[in-house]
4 protein chains.
Amino acid sequence: MSRNSIGKNLILTSFGESHGAFIGAVLDGFPAGLEVNFADIQREMNRRRPGQSSITTQRNESDEVQLVSGVFEGKTLGTPIAFLIPNKDAKSNDYLHLKDIYRPGHADLLYDQKYGHRDWRGGGRSSARITAGWVAAGALAKQWLKQYHQIEVTAWVSQIYNVLADSTEAIPSQDAIEQSIVRCPDPVVSEKMVEAIEKARLSGDSLGGKITCAIQGMPLGVGEPVFGKLNAVLGNYILSLNAVKGISFGDGFDVASKTGSNNNDSWVYNKETGKIGTSSNHAGGIVGGMSTGEPVFMEIAFKPTSTIAAMQSTINSSHEQVQLEAAGRHDPCVLPRAVPIVEALCHLAVMDLLLESGSKTIN
Amino acid sequence: MSRNSIGKNLILTSFGESHGAFIGAVLDGFPAGLEVNFADIQREMNRRRPGQSSITTQRNESDEVQLVSGVFEGKTLGTPIAFLIPNKDAKSNDYLHLKDIYRPGHADLLYDQKYGHRDWRGGGRSSARITAGWVAAGALAKQWLKQYHQIEVTAWVSQIYNVLADSTEAIPSQDAIEQSIVRCPDPVVSEKMVEAIEKARLSGDSLGGKITCAIQGMPLGVGEPVFGKLNAVLGNYILSLNAVKGISFGDGFDVASKTGSNNNDSWVYNKETGKIGTSSNHAGGIVGGMSTGEPVFMEIAFKPTSTIAAMQSTINSSHEQVQLEAAGRHDPCVLPRAVPIVEALCHLAVMDLLLESGSKTIN
Amino acid sequence: MSRNSIGKNLILTSFGESHGAFIGAVLDGFPAGLEVNFADIQREMNRRRPGQSSITTQRNESDEVQLVSGVFEGKTLGTPIAFLIPNKDAKSNDYLHLKDIYRPGHADLLYDQKYGHRDWRGGGRSSARITAGWVAAGALAKQWLKQYHQIEVTAWVSQIYNVLADSTEAIPSQDAIEQSIVRCPDPVVSEKMVEAIEKARLSGDSLGGKITCAIQGMPLGVGEPVFGKLNAVLGNYILSLNAVKGISFGDGFDVASKTGSNNNDSWVYNKETGKIGTSSNHAGGIVGGMSTGEPVFMEIAFKPTSTIAAMQSTINSSHEQVQLEAAGRHDPCVLPRAVPIVEALCHLAVMDLLLESGSKTIN
Amino acid sequence: MSRNSIGKNLILTSFGESHGAFIGAVLDGFPAGLEVNFADIQREMNRRRPGQSSITTQRNESDEVQLVSGVFEGKTLGTPIAFLIPNKDAKSNDYLHLKDIYRPGHADLLYDQKYGHRDWRGGGRSSARITAGWVAAGALAKQWLKQYHQIEVTAWVSQIYNVLADSTEAIPSQDAIEQSIVRCPDPVVSEKMVEAIEKARLSGDSLGGKITCAIQGMPLGVGEPVFGKLNAVLGNYILSLNAVKGISFGDGFDVASKTGSNNNDSWVYNKETGKIGTSSNHAGGIVGGMSTGEPVFMEIAFKPTSTIAAMQSTINSSHEQVQLEAAGRHDPCVLPRAVPIVEALCHLAVMDLLLESGSKTIN
């Protein structure tokens with residue numbers, strides 16, 4: 001395997017298997033001098049941690065993250081920041097039955113074929129547990145973006161299965177989102193989503209859904225306009241998240257059925273603020289790969305969790321066709337816990353581009 | 001600006017402005033020993049070139065590509081291959097009126113803000129003309145993929161504005177696609193798409209649409225499963241193409257409303273061929289970031305061309321609100337010419353991953 | 001700070017400060033399936049560890065390395081391998097007097113100027129202690145190189161101050177080297193070197209020296225001949241080691257006073273082995289940036305340790321000229337402990353190039 | 001082959017074979033807004049071009065460089081700058097006798113072994129002719145360094161064979177250097193060097209030598225202190241130049257026989273200028289991988305040209321031992337023409353590090 005790092009200026013290196021000693025990450029390129037709010041980092045960890053509510057996996061990890069380098073006297077040193085998260089509640093024996101049987105929709109068969117040796121305990125390296133390190137790193141980027149650029153990322157669940165939130169241009173508050181265990185800001189819709197998830201769990205099934213994400217406070221000109229487009233960089237980070245099957249920006253796939261005259265956003269100049277903006281925001285805050293200064297909007301499609309308890313046909317490592325009822329502890333729907341991960345990836349991606357040299361506007 | 005290269009093992013470096021002396025590209029990491037079919041490279045150039053039909057821009061470029069390094073006695077040397085495409089039919093004066101007025105939906109304002117100095121002739125570096133070099137490089141990757149891996153990429157237009165092709169699992173033939181000037185394999189739908197485009201052009205407007213793309217012949221295990229996922233790499237390349245606002249894989253955004261039990265593809269083993277595959281292909285040939293051996297399917301949303309002749313409100317470089325009727329030669333709909341570009345990007349992305357070291361299955 | 005990773009295919013990411021919780025490293029791109037000999041890794045750690053003999057620093061660290069990811073059931077998984085080495089014997093108060101006074105020849109002033117915030121305990125990130133993680137990673141690369149390519153790296157001390165080992169073309173045995181606490185294989189010379197170091201220590205001074213390094217068993221053609229030359233890659237790794245002030249290959253600086261007719265090595269073909277080689281090896285096993293199959297030879301110059309107890313003039317953080325007698329525990333001569341670090345860097349560099357895709361000969 | 005690019009923020013991509021249509025380079029990451037002095041770029045080309053004096057190769061190339069992208073209205077756009085240099089005076093037939101016979105000390109055998117297909121005309125990709133593109137790119141970096149940082153690089157020939165220039169701490173003027181066709185600023189020594197080269201040429205032989213290089217005007221803190229050390233980055237660039245067999249910094253290999261007390265440079269603060277510096281400069285302007293503000297000094301050892309007319313024993317492609325008298329046009333000593341190449345590489349390396357993000361001091 002290779003490519004366990006992402007970023008050019010702010011480089012996240014990920015390591016760890018689900019039931020190994022530690023999950024972790026190293027963040028290189030983080031500037032010196034930021035006062036670190038450790039409680040806020042742990043708060044993001046808690047938003048992602050398993051066992052946080054009735055609708056997530058029941059694996060119970062406190063996910064207390066340790067920053068073992070790069071911070072001294074409460075401030076970043078400019079040196080690499082290593083994050084360690086111990087794996088405490090690993091029940092490896094629960095996965096023994098998956099050692100030689102390949103789950104449909106799951107990567108374990110491909111790991112075996114590609115590497116010839118696989119850590120089958122809790123999904124090993126293919127577990128979404130590895131994102132714990134990403135969330136820790138993203139939480140630090142979040143503090144830097146907030147302090148130096150007033151940039152804020154907000155993600156929420158806008159669809160679970162056939163339950164859709166009303167689409168609205170307003171960006172919900174973090175509070176409204178966090179009051180819902182599904183992380184959907186509309187309480188009525190949230191309730192229906194919880195019901196759908198509980199029903200799926202009882203039937204040994206799982207559900208897909210959609211996350212909407214907004215980035216506010218972007219200055220104009222973030223993104224390198226050929227192979228470092230803001231949308232391509234965000235896309236690369238977000239598509240690195242297990243279960244993501246699609247991403248779109250602004251009006252997304254709806255642009256396919258539009259005309260230029262109703263899709264273009266007119267440039268406007270605000271004399272009072274001295275800022276350039278657009279009169280509408282079909283583009284989702286990105287034109288030609290660079291930020292326009294308007295909020296960036298993304299929609300992200302997640303497939304239903306592949307590991308389900310319901311009976312499925314598959315093959316084993318001897319190539320025999322077998323029936324599988326997968327045990328182990330899994331989320332019946334990944335979206336509630338994916339919200340902080342999506343935010344973390346956006347924080348890392350945007351900070352990486354803001355650190356790019358040679359940009360006139362944004363330094 | 002930075003980030004004009006893409007790829008890790010097969011690195012495409014892009015250069016050139018729309019009305020400069022040359023558009024070009026350098027392809028590094030291409031293995032030695034491939035017999036180059038120059039006519040086939042030019043054929044791909046012709047599929048992308050402007051002026052190829054009544055529904056594309058009328059800029060008339062032969063786009064004859066020269067390979068000025070890396071090939072000797074008709075075979076690749078293993079050294080970098082430089083592609084040069086002269087700009088011959090540049091009518092820079094047609095763009096004088098856009099020197100100080102910023103087109104809605106277009107990057108020229110952002111270039112000015114970010115770099116303080118911009119080549120306004122024909123869109124400069126933001127012109128899709130720069131993809132001529134990408135298509136040339138992709139055409140060479142196509143030959144390598146065909147010869148050494150029997151991999152074949154097929155893209156076609158599946159939607160223009162409100163005209164949709166019937167969705168079908170069958171992958172159309174290149175011949176069927178090329179018989180249509182829109183590059184939609186269904187002749188009846190193709191005709192309607194042409195009509196829609198011509199109508200848009202006459203009214204000084206432009207149209208969006210959707211391209212579907214399939215990659216056949218993929219071995220199992222292509223893609224690095226953390227930050228080099230096949231879908232993330234493809235996403236990064238495809239989202240680098242101007243006008244793309246969304247990309248999805250397999251069932252795409254439909255997975256949001258599915259359950260695990262109806263979305264998972266069962267693994268099956270074919271005793272005759274000795275090959276592993278899946279009984280369905282909701283995943284679009286990618287699981288856990290690696291290819292399953294089934295065809296890879298993508299859908300790509302394109303916005304309508306931003307430069308239109310219809311009157312629009314915008315600002316100029318003095319921040320005054322003005323009305324613009326943009327002249328110059330532009331495609332009323334980019335999709336017909338985007339088909340070979342999408343294919344080229346897929347060829348480059350897949351070859352890059354196939355050249356990744358340390359993969360057991362695919363070497 | 002940035003650039004704490006090195007390598008393209010086998011990527012070493014380094015983190016940690018001298019008195020932080022852990023020093024560590026992550027090694028990405030290491031192939032799956034190697035049976036790990038943990039004792040041999042620890043053996044390399046022991047060769048580097050402080051306090052190993054009377055002539056090294058008396059900081060006493062067991063440097064027991066933990067591999068917390070990437071290895072399962074004793075074999076590499078192909079996933080990133082994280083190495084953790086706890087810092088146990090940190091006496092931070094010994095460095096309080098260096099918090100605001102800058103040591104001559106030392107980086108602490110530059111860290112303060114560049115980052116504005118510095119971990120002054122034990123040198124922080126500028127401590128050679130960070131190489132503990134490099135040695136652990138290199139020890140694993142050593143096992144891979146030995147098993148799959150029969151490549152062996154041997155480094156030894158060939159000069160300390162004015163004590164020089166007889167130069168000889170023969171590559172000494174590891175046993176002969178390890179019997180000397182200076183790591184000079186000639187027992188008589190070694191004794192003199194020990195005396196020189198002890199004398200320097202007593203006078204509060206330090207000594208420079210030279211390490212010679214040989215790489216045996218290289219296949220022909222390792223190295224990418226433009227910007228990945230074997231010598232440039234080795235140079236980049238070795239020059240990343242604190243205190244190195246020069247590196248040369250083969251006849252090194254002596255080539256400046258030679259003619260082509262007495263410097264060129266004639267190609268010869270050995271009919272019995274079927275191998276190509278050269279009749280002499282002035283080139284030190286590298287021609288045009290690629291290995292010739294003959295042993296690679298390097299010489300590396302190390303400056304004397306900058307931190308010394310003798311009185312020196314310098315400035316403090318208030319820019320006042322002051323006198324400094326530096327305390328803390330330091331090696332009076334870094335070379336004995338640098339031997340395993342040089343070897344580790346060579347192992348990593350050569351393995352990185354062997355994993356490069358597209359090379360015909362070496363796969 | 002791979003790795004034909006160098007740099008992280010300012011990326012030079014090199015392409016071309018000695019007798020192909022063009023030698024060239026693409027420079028990505030160059031900031032917008034520099035007024036380009038084209039004559040000064042061509043002046044650097046002329047310093048490198050073949051046929052410039054009686055002691056260089058007689059291949060006669062004007063080496064007129066074209067900037068075909070990235071510059072508009074005389075100023076850089078921030079977009080990639082492509083440089084093209086046509087190969088005009090290629091006499092490929094002169095190399096027919098080298099098609100199947102491998103020159104001692106030359107890479108052609110290794111190219112054949114590694115790639116299986118080689119451009120034997122004029123050395124193909126292994127020719128130092130490819131540095132024409134590097135010099136063009138470096139000339140642009142030189143203008144940027146001069147204008148924005150008052151940094152100046154000066155290289156000169158300090159040894160040819162057994163003729164040594166007096167070593168002196170004074171950095172000679174460019175004028176003094178350019179008055180000598182050997183590029184040694186001491187006219188008496190220069191004369192002896194010319195004599196030595198002419199004598200070598202007449203006897204069909206070649207000579208090695210040494211170049212000294214100084215970088216003046218460096219701010220404090222350039223260089224990333226772990227794997228981006230100023231010396232490691234310079235080393236990586238310089239060791240990429242054919243024929244370089246060694247590089248050292250400051251007192252270089254002499255530090256091996258020194259003590260800390262006579263090698264450390266004391267920090268001093270100049271109250272008038274408000275600048276920090278050192279009282280001596282044994283370190284050659286680099287401590288802990290970062291610039292101290294004092295001039296950077298390097299010494300670089302070059303081997304004698306491998307291609308010589310004198311009779312040598314070697315093998316051919318059938319593995320037979322044969323005698324070779326190599327024809328073709330070659331420099332009897334590469335150093336005079338290597339001076340501008342060394343400078344170009346330093347310009348590129350230093351600018352790359354100056355563009356690194358996150359550095360407090362140097363932005």
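**View 1. The interface between chain A and chain B in the predicted model.** In this predicted model, 105 residues of chain B are in contact with 104 residues of chain A, contact meaning heavy atoms within 4.5 Å. The two chains bury about 8,300 Å² between them, with carbon and sulfur atoms accounting for 60% of it; buried area is the accessible area (1.4 Å probe) that two parts lose on being put together, summed over both. B:Arg3, B:Phe227 and B:Trp267 contribute 12% of what chain B buries against chain A, more than any other three residues.

**View 2. The fold of chain A.** Chain A contains eight helices and 18 strands; helices (H or I, at least four residues) and strands (E, at least two) are DSSP runs, numbered from the N terminus. The radius of gyration of chain A is 21 Å, close to the 21 Å given by the globule rule for 363 residues, so chain A is as compact as a globular protein of that length. The radius is taken over C-alpha atoms, and the rule is 2.2 Å times the number of residues to the power 0.38. Of the 363 residues, 68% count as buried, that is, under 20% relative accessible area (1.4 Å probe, protein chains only).

View 3. Five strands of chain C form an open antiparallel sheet in the order β1-β2-β3-β7-β4, where two strands pair if DSSP finds at least two bridges between them. Strands β1 (5-6) and β4 (66-67) of chain C lie at the edges with a single partner strand each, so one side of each has no neighbour in the sheet. Helix α3 (residues 131-149) of chain C packs on this sheet and touches β2 (11-15), β3 and β7 of chain C; the direction of the helix makes about 140° with that of β7(C). Axes are lines fitted to C-alpha atoms, for helices over the stretch in contact, and angles run from 0 to 180 degrees between N-to-C directions. Within the sheet, six bridges join β3 (residues 22-28) to β7 (residues 81-86) of chain C, and C:Val26 stands opposite C:Ala82.

**View 4. The β17-β18 hairpin of chain C.** Strands β17(C) and β18(C) form a hairpin with five residues between them, and C:His319 in the turn has a positive phi of about 70°. Four bridges join the antiparallel strands; C:Thr314 has C:Val322 as its bridge partner.

Definitions and conventions:
Residues numbered from 1 in each chain as written. Chains lettered and ligands numbered in written order. Predicted model: local features only at pLDDT ≥ 70, side-chain atom pairs only at ≥ 80, totals over all residues. Heavy atoms only, no water. Buried < 20%, exposed > 50% of the residue type's maximum accessible area, 1.4 Å probe, protein only.
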